[in-house]
Structure formats: C-alpha cells, structure tokens
Amino acid sequence: MSLINETHDINLTSWVASANDAQCDFPIQNLPFAEVRRKNSNEAFRGAVAIGDQVIDLAKVNELAIFSGDAQVAIAAASKPTLNEFMGLGEQYWSALRLALSKALREGSEHQEQLTHALIAQSEIEFALPCRIGDYTDFYTSIYHATAVGSLFRPDNPLLPNYKWVPIGYHGRSSSIGVSGQQFHRPKGQTKAPDAEVPSFGPCKRLDYELELGIYLGKGNELGDAIAIENAEKHVFGFCVFNDWSARDLQAWEYQPLGPFLAKNFASTVSPWIVTTEALAPFRTSWTRDENDPQPLEYLESTANRDQGAFDIQMDVKIQTQKMRDEGYNPTQVSKSSFKHSYWTVAQMVTHHTVNGCNFMPGDMLGSGTQSGPTHEEAGSLLELSRGGKEKITLSNGEQRSFLEDGDNVIMRGWCEKEGFARIGFGCVESTVLPAK
C-alpha cells in the first residue's frame, strides 16, 4: 500500500510555471502517464507524463540518459508505444521513476535546460489508449447504484442477497474501449416493450452513461496463484475516469439469466491519463462496513484495508447537446459523486478476482461500476437521475433529457482535494453519440 513521501510535499514547485497553479490538474505532485504524439503527425506514440499544461516526452528523456538504476530501467520501458512493459515492472520501478521525474521537474533542477526540449504543449498532442487492455472486468461496487437500479428492474427484490458478500463483476469487452474523444454510433439490438408479445429490433432508445473509475493492473500473477488482500495494491498501477456506456432497453430484455451483453459491449471510454496509485496516497481514507451488514469473509478483510483502503476521488458528469454547442452554451453539470462511497475497495476487488486462481496481465483493467452516492443528486447514471425515464433533467439552455440523444457529448472529470496537500486531477473523458448506422 503506497504511503506519503517527498513527492507529495505541498511545497514542491516546478520550473514548468503552469504546474504551480493551485487549480491545475497536473501539478508536480501528480505526474500521471499517457501515450501521446503530436496532432496530425505520423510520429509513433510514446509514453509521456503531464506537468501543468505541458507533457514531458519520455522517449526524449530516455535518450538523455540522465537517470540511473531502477529509474532508467523504468523510463526505457515507459517510453515505448504502450505502457504495458513499464506497468509490468512493479511498484519498485514505478516509484523510482516517479521520484526521479519529481526531482528533475522541481524548481532549481540541474536538468531543466535539457528537459525543456522534451516538453510538448498539451494543446498540440493527441492520445492513444495508454496500454493494451487485454482483459476488462466491470464491477458493481456502489450499493446506492445497485439498490436504485435494482428497484427499477426488480421492485420486489432490488438488492440480491449475494451483493453484501461478494464483489460482483462481469467480464467486459476490451476491444470496444476507446480513449477520450471517442465517437460511437447508437447501438442496435433487441428490446421488448412491457405490453408487446414479441421483441423488436432497432436502435437503442434508452442510451445512458455510467460514471466509473478504471483501475489498471500492473504486475500480474501466475495462473493458479491468488493475490492476498495485503498484497493486492502492489498489483495496481493506477486509475482513470471511465464512462461505461449502457443501452438500458437492451439491458432490460437480455440481462437475465447471464447478465450484460450487447447492452454493454458497443463502447466504453477512458480518460487518457493514468494517475498512479502512489500519487493518490494523500487521498486515502478509512473504509467501513455498516455493523448491521455482513462483514467480509476473512480473505477480504485486513487492518490496512479498514484503515486506508478507500480513496476520496471526486467525480462529476456534464452534458452538452448539439444544440448547446451550436448556440454557444457551456456543458451542464448533472451530477457529482465520490469513490469513497464504494461498498467494496480496490484491494477487495483484486483479491476476489484472483481468489480462484485467475491470472492478471499488465494492462488489464477493472471498472469500479457506476459510482453513485447516497443522495439522488449523486447518481452516476441517467437511469437513476431520471428515475427510470419517468422524470426529465433540464439543461442550461432549456433542453431536457431522460436518456441521451444523438449528438450529445458527455464529459466526466475526476480530482482529489485535501487540506495540506496539492489538488490533483485526472483530466476528463468525453465522448459523443452518433446516429445509429
């Protein structure tokens, strides 16, 4: 479990002046990773780290050979067209590179002149997926979301009895995960109206977003070897903001008995930056379980997980319709929540996923499941906000939505704030709905 160290010091400043803005997503205390190249170029994608409104090109830094030991091994791996090799090295190497970059980017660094030539403005770059996502599992960790959605689909039995015992998840489709800026066509499939005798086929009419975190796995485990909860976070490289799109009308018809299928596999969108688990150390918080609920089985329980297994990561959702863009209206915030409300922790997800011997590979991803808070305004989906489509949400230009329409752009952000520490952000993830083909 990563702890607070010198890289988190609020007094650190960078020679990259934009990183010293108190509201900046990417101060020197953050240093998230992505895969970038210059816009409209044929350059190879390569690893980069965000600092203020710039990125530092890790391939160029690697060529300078200014680091040594574990940090130099790490930057050689991190400068490649995907981050998988770097992620697979493990936390010793992740931490060594983070510290080396922190020192090199600090005010007064001896490497400032050399590294100035390795900077690229964020306005001049485009992103690829940060790694090859071999497998993706979506969890269901918000009890508030599970209860609200369950009450819509199963009014007599909203929360199934296994929910409080098992971190529920399903195997998602990694091939349709795209990076922020993704555009996708409205999916088609079977739906069945309550009063219809037979199902019909056509475009989804109840398209929804899901506000989630993506959790990237780093060093894997061998097939047959479980990861103990005490070691779980050693395998977690970092986090992103994740929009796991859902076709609610397809979902209602197909999800029993085996769960999500076409309602979930048409598109999912990740923010481009991976904020490392180490960067999030100051924003850990205690994790608790209501004393009236079942307590976790022994393999899902640890003192460290209780003390600081949760993360207070703030998130929000905004919508901007095509008409809003045409008329110059800013996106409208429709909800805000925090990952601290999660019923299960990241360590518990990792441990449960491998308790049967399932093996992780570097770059595998977990979805947190929709992150809804205890109040209606903290709902992480339109399904909840519109109470199953019965109520409409009014946007800043007067338009209303119960579900998404063609041309709608959904923007999600993540950030962490705590007194005594620098604010850090995840950037944003956005994606636009196109008409059905």
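On a 1 Å grid laid over the protein atoms alone, a cavity is a set of points where a 1.4 Å probe fits but cannot get out, whereas a pocket is an open set with protein on both sides within 12 Å along at least five of seven lines; residues with an atom within 4 Å of a point count as lining. Grid points are joined across faces, edges and corners, and a volume is the space filled by probe spheres set on the points. The model described here is predicted, so local features need pLDDT of at least 70 and side-chain atom pairs count only at pLDDT 80 or more, while totals for chains, interfaces and linings use all residues. Residues are numbered from 1 along each chain as its sequence is written, and side-chain values use heavy atoms, with hydrogens and water left out.

The structure holds one cavity of 30 Å³ or more, and the largest cavity has about 30 Å³ of space. Its lining consists of H8, Q29, A279, P282, F283, F421, A422 and I424. Six of these residues are nonpolar, two are polar and none is charged (Ala, Val, Leu, Ile, Met, Phe, Trp, Tyr, Cys and Pro count as nonpolar, Asp, Glu, Lys and Arg as charged, and the others, Gly among them, as polar).

The open spaces come next. The largest pocket has a volume of about 650 Å³. It is lined by 30 residues, and Y140, R154, I168, Y255 and P260 are the closest to its centre. Two or more lining residues come from each of strand 6 (136-139), helix 6 (143-153), strand 7 (169-171) and helix 7 (248-254); helices (H or I, at least four residues) and strands (E, at least two) are DSSP runs, numbered from the N terminus. Helix 6 gives the most, with five residues. The lining has 15 nonpolar, nine polar and six charged residues.

The second largest pocket contains about 540 Å³ of space. Among its 21 lining residues, K192, P194, R206, D249 and A252 lie nearest its centre. Helix 6, strand 10 (188-191), strand 11 (200-203) and helix 7 each supply at least two residues of this lining, which has nine nonpolar, five polar and seven charged residues.

Turning to the strands, five of them form an open sheet in the order 4-3-2-1-5, with antiparallel pairing (two strands pair if DSSP finds at least two bridges between them). Strand 4 (119-121) and strand 5 (125-128) stand at the edges with a single partner strand each, so one side of each is left without a neighbour in the sheet. Strand 1 and strand 5 pair over four bridges, and R37 has E126 of strand 5 as its bridge partner.

Helix 2 (residues 69-78) has A71, Q72, A74, I75, A77 and A78 as its buried residues, where buried means under 20% relative accessible area, exposed over 50% and partly exposed in between (1.4 Å probe, protein chains only). These buried residues pack against strand 1 (33-38), strand 2 (46-51), helix 1 (58-64), helix 3 (84-89) and helix 4 (91-105).

Loops can hold buried residues too, as I227 shows. I227 lies between strand 13 (211-217) and strand 14 (236-243) and has a relative accessible area of 5%. Leaving aside neighbours within four places in sequence, I227 is in contact (heavy atoms within 4.5 Å) with N221, A232, H235, V350, T351, T354 and F360. I227 and A347 are 120 residues apart in sequence and 9.5 Å apart in space, C-alpha to C-alpha.
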